[in-house]
Every structure is written in C-alpha cells, then in structure tokens.
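Dear colleague,

I am handing over the structure below, together with some notes for a first reading. Please look through it before turning to what follows.

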Amino acid sequence: MLAIAAALIVFLGLFFNGGSPSNQEIYTDNSNRQELSSFVSRGETNANLLIAGESAFINKDYTTAIHNFSTYINNQTNVNPTALLYLGIAQLETNNTEAALTTFNKLIESKTLDQSKGYWYKALVYFKMDDRGNAIKMLESIAKDSKNFNYAKAQVLLKQLQM
C-alpha cells in the first residue's frame, strides 16, 4: 500500500512537473531516512557503537557516525546490515561517494534480507553524482524482482526517466 502511495506521489509530481526530474531532484525526493531501522533495541555485542552512531547520524554529525559504524563493522564477523546502510548514507552525506558505493556493494554481497536495499542506495549515490546511466542500471536491477526494496518506486522512476 505504501509503495502504491509513493508511486502515485511520484507520478503526480511528474504530471505537474511536465518532464523528467533532475538527478538531484530524484536524489532529494527519494532519500527517506524514515526507512532506516533503529539500533536501540538490538542485543548486539557492540550495541553502544551502533546506538552512538545512530544518534550522531540523526543529529547530522556524519563524521562521528562514520567513525562509530566503521569501528563497529571492523570489529564484527557478522555485520548488522543496517549498520552498512547508515554508514553508506553517512558517507554519501559527506560526499564520499566512492566509499558509499563500496559500502553498498558490501550490503549487496551480504546475502541478507536487506541486500536489495544496496541497489536502491547505489542508485541514489549515482543520482547524486549526476551519473544517470549507472543509476538507471541500478533501478533496472531493482525492477527485475518485485521482492526488491522500493520495487514500485524503481519502476515509476524508470518510466519518468524514459520521457
């Protein structure tokens, strides 16, 4: 239901906008931090690093967030995929796009339930970099499987970008 509502909003925005949105508009419109899970209730060994990282992230102290999440990830054998999401987004917010791409690749390679989120966030990285070609490739990867994160949004964006 939420995906349908999001698709409708994007479609209406396209209708009233009259054309294909810019890469920066796509990035801004689709950077929804509300989708991120919280670490507050997790029973992780390094939970304090996760909670401190999340707090720094929420307060837009991305440098501290990167430090906390990187420390957590470097000290774990089984990394919480949400930590990769937070780290990658914090890297993106500090314009460290290459590091963000590497982090989202780790998420994709994690073979966890959150794996497909890596494709979505890689697409956002590419939009922020004004690399529409690679962003479209990521959206096409998402649109191949209805179980992927933001499948409906990816389809709507692909249609918008073909105009």
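**What was found**

Q91 counts as buried, at 8% relative accessibility, where buried means under 20% relative accessible area, exposed means over 50% and partly exposed lies in between, with a 1.4 Å probe and protein chains only. This is a predicted model, in which local features need pLDDT of at least 70 and side-chain atom pairs count only at pLDDT 80 or more, while totals for chains, interfaces and linings use all residues. Residues are numbered from 1 along each chain as its sequence is written, and side-chain values use heavy atoms, with hydrogens and water left out.

Q91 is placed in helix α5, helices being DSSP runs of H or I with at least four residues, numbered from the N terminus. Leaving aside neighbours within four places in sequence, Q91 is in contact with I66, N96, A99, A100 and T103, contact meaning heavy atoms within 4.5 Å.

Helix α6 (residues 97-109) has 13 residues and reaches 18 Å from its first C-alpha to its last, close to the 18 Å expected at 1.5 Å a residue, the expected span being 1.5 Å times one less than the number of residues. After α6 comes K111, whose phi is positive, near 60°.

Not counting residues up to four places away in sequence, N68 touches L49, A52 and G53.

Helix α3 (residues 47-58) and helix α5 (residues 81-93) pack at an angle of about 35°, with their axes 11 Å apart; axes are lines fitted to C-alpha atoms, for helices over the stretch in contact, and angles run from 0 to 180 degrees between N-to-C directions. The contact is made by L50, E54 and F57 of α3 together with A83, Y86, I89 and A90 of α5.

F57 is also one of the residues that touch the most other members of the largest nonpolar core, which has 38 residues; such a core is a set of buried Ala, Val, Leu, Ile, Met, Phe, Trp, Tyr and Cys residues joined through side-chain atoms within 4.5 Å. The largest share of this core, eight residues, comes from α5.

With best regards

Conventions:
Helices (H or I, at least four residues) and strands (E, at least two) are DSSP runs, numbered from the N terminus.
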